[in-house]
Amino acid sequence: MSAVARVALVGPAHPYKGGGARHTTELAHRLRALGHPTTVESWRAQYPAALYPGRQTIDAPEGEPYPGTRHELAWYRPDGWWRTGRRLARDADLVVLTLFSPVQVPAYLGILAGVRSRRGAGTRVVVLCHNVLPHERRAVDVSLVRALLRRVDAVVTHSPEQARLAEGLRGPGRRGVAVAEMPPHLPETGGASEPPPGERRHLLFLGIVRPYKGVDLLLEALAHGAPDDVALTVAGEFWGGTEELEALATRLGIADRVRLRDGYVPAGELPELFASADAVVLPYRTATATQNVWLAHEHGLPVVATRAGTLADHVRGGVDGVLCEPGDAADLARALGEFYAPGEPERLRAGVRPVDAEPYWRAYTGILLEA
């Protein structure tokens, strides 16, 4: 790669919501600040509604939008995929396909075909894997992602575990899989609210509610490990609806202590939500990377988390949080009981420090540009 590279990022940007759009946008800003002319190829229609039951877009951006963003890709216009690839082969030295779901793969194969159709262009294509494969996967997901990873020049993942998965899909003898730790890309919330002293006797789970996130385990742990005056709010989009978790809370006898707040939480509502809690709980069965540890710390909250994925890399057990084993409701109950030992919530809160994003981004952009 030349010292100055023209970069095209293909991925979600505002009005799409959530960490994916924030990451793509922040990465574009960072690359341009380093002197690399950068564009973002985003979507006017990213997924069929039947495959993404939650809300896909939001009205207000959660950070500074990137000015060099196009919104022309659509899942239902395969002719546009190839044309986009042709244009990128002319205008970019490096094309980065940000992979969140196998649903994106047909479009990415179309873009890749367009890039390759311009002979002699020399454009490199890298897949940036937020998830190599879904946490809840189907056989077709493996086939789709394998087809993509075997056709590109390089792959960047966010953990060694994900890198090994990508290497297996690329096949024996295929090099070009790099690991770059996910950098912070937090929503602009207006800053943390100053909570009153003392304990809230309240825990918070934040994010999309899907089986791999382990909210059912959290309800069991709340019933058997936390003091019986501690309440829980589960805030986020419930992809399967709230009925199953409501029924579980009732069976466990904790329905009066559990609030299920279904729906996307706008950035402006986060400070008040965090200020109402003693800790954020991340009971994931599996994980790759998440921003929620850093987001909690940004708002002064300790974290109770499993050791799934990279969660434990950002929680200092006994200093700014408590760790437990993934998929183990009994160990999560133990962690909640440990957290609520006398004086512990305020002691752990005092150990929380906001993350310094700059070192993460310097390393991340460097690895991506060299991939």
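Predicted model: local features only at pLDDT ≥ 70, side-chain atom pairs only at ≥ 80, totals over all residues.
Which residues in H2 meet which residues in H3?

**View 1. Packing geometry of helices H2 and H3.** Helix H2 spans residues 78–91 and helix H3 spans residues 105–117. The two helices pack at an angle of about 45°, and their axes lie 6 Å apart. Because angles under 35 degrees count as roughly parallel and those from 65 to 115 as roughly perpendicular, this value makes H2 oblique to H3. The crossing of H2 and H3 is right-handed.

**View 2. Residues at the contact of H2 with H3.** On the H2 side, the contact is formed by Trp-81, Trp-82, Gly-85, Arg-86, Leu-88 and Ala-89. These meet Pro-106, Ala-107, Gly-110, Ile-111, Ala-113, Gly-114, Val-115 and Ser-117 in H3. By class, the contact comprises nine nonpolar, four polar and one charged residues.

**View 3. Packing geometry of helices H6 and H10.** Helix H6 covers residues 215–224, and helix H10 covers residues 329–339. An angle of about 50° is found between the packed helices, with 8 Å separating their axes. H6 and H10 are therefore oblique to each other. Their crossing is right-handed.

**View 4. Residues at the contact of H6 with H10.** H6 contributes Leu-217, Leu-218, Glu-220, Ala-221, Leu-222 and His-224. Their partners in H10 are Ala-329, Leu-332, Ala-333 and Leu-336. The residues of this contact divide into eight nonpolar, one polar and one charged.

Methods: Residues numbered from 1 in each chain as written. Heavy atoms only, no water. Axes fitted to C-alpha atoms, helices over the stretch in contact; angles between N-to-C directions. Helix = DSSP H or I, 4+ residues; strand = E, 2+ residues; numbered from the N terminus. Parallel < 35°, antiparallel > 145°, perpendicular 65-115°, else oblique. Left-handed = near helix turned anticlockwise from the far one by under 90°. Contact = heavy atoms within 4.5 Å. Nonpolar A, V, L, I, M, F, W, Y, C, P; charged D, E, K, R; others polar.
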